[in-house]
Amino acid sequence: MLSLTIDNKAVQVETGTTILEAAEKAGIEIPTLCRHEDITPLGTCGMCMVEVEGDPGYSRACITEARSGMRIRTHTRELRRIKRKLLELVLAAHPDDCLQCIRHGECELQKLAEKFEIRQLSYDQYTRGLPIDSSARGIVRDMNKCIGCGRCVEVCQNVQTVKAISFYGRGADTIVSPGAETDMGSGVCVNCGQCVVYCPVGALHEREQVDDVWGAIENPELHVAAQIAPAVRVALGEEFDMEPGELVIDKIYEALKLLGVDTVFDTNFSADLTIMEEGTEFLHRLEAGGPFPLITSCSPGWIKFGETYFPELIDNISSCKSPQQMLGALIKTHFAETRSIPPEKIVSLSIMPCTAKKFEADRPEMNSSGFKDVDYVLTTRELARMIRQAGIRFDKLKGIKPDKLMSAYTGAGTIFGATGGVMEAALRTAYELKTGEALENLNFEAVRGLEDTKTAAIPLSGQEIRIAVVHGLSNARTLLSQVREDLKSGGVPYHFIEIMACRGGCVGGGGQPIENSLYQRFKRAQGLYAEDTGMPVRKSHENPEVAALYKDYLQQPGGELSHHLLHTRYHHRDALSI
Amino acid sequence: MKRSRVSISSYAMESPDIEAYLGIGGYQGLKKALHMKKDGVIQEVQESKLRGRGGAGFPTGKKWAGVPQDEEIYLVCNADEGEPGTFKDRYIMEHTPFLMVEGMTIAGYGVGASKGYIYIRGEYPAIAETIQGVLEAARKQNLLGKNILDGDFSFDIEIKRGGGSYVVGDETALLSSLMGKRGFPWMKPPYPTEKGLWDRPTVVNNVETLTYVPLILAHGAAAFADIGAPGSPGPKLYSVSGNVNSPGVYEFPMGVSVKELLKAAGGVQGQLKAVQIGGTAGPLYDDTALSMQLDYDSMNAAGGTLGSGAVVVMNSKTNMAGVLDVSMRFFAEESCGQCFPCRYGTRQLSYMARRIASGSGEQHYLPLMRETGEVMRATSFCPFGQSVCTPLNSLLDQFGDEVEGFIRQQDYIREVI
């Protein structure tokens, strides 16, 4: 243990702790702008400068390790003066449009400017006049607002290894860019939106569709049918000062109705349906002896990543559409027929924790009914804005039930929102369908939690099923690179792999409320597991509406109609000529 | 001037020719080194007291001795000569490239490297071609490549071209660039000698440093250490430019006075006004600079830096507002853009300097510029941003009245018109 004093406060920390972490432990908040607890410290902003007695100059608290006996001061008159000046330099280059900015109120630069009482700038302000890149389906890039902290680059390059964006240009003209002469829409960007949630300002944000959705709701000719993804129900409350992980699904149903949505279904229903389809696919492969591993297909960020970087494994990816697209296709067919509404009059709306879902909905092959499966995708944040615009006191809502037909769900469906959840849900069903026995313990703890890679071997009818769960695309890259090598040499490393593009799974998606750190992701996942534990039905194959759907419409899992509506195919994307 | 054999200029030739080089004693240093133990080579360089000629002045032998054992060790010759007013490395690569390549080979032997890189600045395309020919000629003579001179030591050199960034002259940024990354510097430690290219120990030496190495081996450490200033001995190449009659590269013993150097460069054109020593990040001096001695210790003691040995001369016709503008624009264009203070600070400094020089400056710019430079000194990530205040403050200290006067004069002209 090291003993040091920070602002006259004694603190003891482990060797290897940075000054910043030591200060946190001492209850002292050192201002930062480029630092984020979830990623490698970058040391670019200079806001965390501290004075260490005896050391020359100032030190960056975020990348300087604490030493025993250090006497540190964090807010001397000189340090406050320097930091104010630094902030002035940043603000002089930043557009003065806070009131119109998507991150107004949640902007780290704005908060620091307020904290340091920046009332006027001694520098002349300038604007950069850069074009806004809204070419990607999920993400908008506005480099006029970029402060160049490098978090998004760190996340894209190293946490996700998508490598869609990096620094471009020099000096004051440095911007974050997908490269020369190209835009986000035509590059390797998978729209995961992790750059968005780690951006401290409004330089990267979701492609907004709130206005379109209002238009659909307000058009009396149209019938709007909505679905809500698992991870949204434990996160939307945060937008209304509730705790991360608090289950607010009944309030969401009610809010959607109050907004004017005609029918409210639940993506958890189609999560259960996915298990029936994917579980069947898996059992078929078990009988046929492969091809293994089967890889889940719920996460559209992962799908584009796989199509780009692992084309050899395309046949390993489950042909199942994601739950969003399955329910979308059924809304335009089964629901349309049941309610005798012409599908062209139905607007299929989904509320997702995800920016890649906007890309997925716009994939040209996602129209098996002859109509787009999903017309509009709103992120959790966008729905919150609609609710506020409508003056709905979300936290005060009592909550209602959703519309029948495609909204019933089990505990297995709800844990889809957390890393390992799809695997756990699939195991519950595969085990019981294969063995005909009831599982004693439904909790597969080995696949839960935020560990990078989770593996297990599950006995199933005398066979050992090797499974792996990864979240965050760098972990996926590591695992799949190994899998690819093993397959080349004739081995079968795993039978079944779950991949989620974002760390923590969908609870940490690019459309979730800001803050969206690992802490929030963990709490949200806890919320989902708590809901699962408390549910009377926790296995997808016991979902009564799913059973009814097969009986009344689809006939059987993996059947002809299922294949037509609920399954899809993937194609190789060349990283260099996308 | 009588040329000592312990000098680069005594090996100079119009175009490189290996036979001619061997004829005037070339590769004697390498031959001698290969008969010594590696430690002996490092010892010899340590005893010569050779200090790095890129600008930092770190003892070369000490750097080499600090390289840990590893399966793979790299040697990098920093030929990314981007310091304004500095063109000594260019002189070496054009006129004595074999000496440099021989120096690299000796260094490779001494530190245990089998692979060397020459990182040549992007603006020197012709030189890259010349060096390619030099490397091929050396390979043909078995002075480079596998089993050099039929011994156990194998060493080869690859040329890498820079992309035109000034900051990449910093060794850590250079290594980032060499590995194919963006040329961002990194915070030391780890030092490149511990963890450099692809995490292997890597020695980065300047062209001039390596070029003196064969002379130390051939003539002995003592012969080198006897020349010039005792604290940083040896001969040194100085680049003289600006308002002198014969700008160029001049080789003098370390510690030569500015006066003597300018005399060698044909004298000042007109009346001397200012001298900038050590590069763009060095301070500006008025004519008191003439008595200064150009070696590391003397310059540091005088509050300046020898830097790369660049001496830029300005005469009385020079408008210091214009100098301020050019200098600040240089920093703004060459900032790597990584850290906030440098990225934004250089932009604002350049803007204010440009406004002043173009006649629309404001009086409050001058204190604001000083303050900005101070904030950058305190908070910039690397020496580049930290050093902007040096030329800025020295210019304003000595020529601030002139710049202020210029701003007032321009105000007056605008009012009258």
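On a 1 Å grid over the protein atoms alone, a pocket is taken as an open set of points with protein on both sides within 12 Å along at least five of seven lines, and its lining residues are those with an atom within 4 Å of a point; grid points are joined across faces, edges and corners, and a volume is the space filled by probe spheres set on the points. The model is a predicted one, in which local features need pLDDT of at least 70 and side-chain atom pairs count only at pLDDT 80 or more, whereas totals for chains, interfaces and linings use all residues. Residues are numbered from 1 along each chain as its sequence is written, chains are lettered from A in the order in which they are written, and side-chain values use heavy atoms, with hydrogens and water left out.

The second largest pocket holds about 1100 Å³ of space. Its lining comprises 30 residues, and those nearest the centre are E154(A), K181(B), F184(B), W186(B) and Q338(B). Two elements of chain A, α4 (151-159) and β7, each give two or more residues to this lining, helices (H or I, at least four residues) and strands (E, at least two) being DSSP runs numbered from the N terminus. The most, four residues, comes from α4(A). By class, the lining has 15 nonpolar, ten polar and five charged residues, where Ala, Val, Leu, Ile, Met, Phe, Trp, Tyr, Cys and Pro count as nonpolar, Asp, Glu, Lys and Arg as charged, and the others, Gly among them, as polar.

Between the two chains, 33 residues of chain A are in contact (heavy atoms within 4.5 Å) with 32 residues of chain B. The buried area, that is, the accessible area (1.4 Å probe) lost on putting the two parts together and summed over both, is about 2700 Å², with carbon and sulfur atoms giving 60%. Of the area that chain A buries against chain B, L89(A), D124(A) and R170(A) supply 21%, more than any other three residues. Three salt bridges, each a side-chain nitrogen of Lys or Arg within 4 Å of a carboxyl oxygen of Asp or Glu, are found across this interface. R81(A) forms a salt bridge with E371(B), with 2.7 Å between the closest N and O atoms.

Some backbone features are also noted. Most residues other than glycine have a negative phi, and most peptide bonds are trans. In chain B, P189(B) and P190(B) are joined by a cis peptide bond with omega about 5°.

Note on methods. On a 1 Å grid over the protein atoms alone, a cavity is a set of points where a 1.4 Å probe fits but cannot get out, and a pocket is an open set with protein on both sides within 12 Å along at least five of seven lines; lining residues have an atom within 4 Å of a point.
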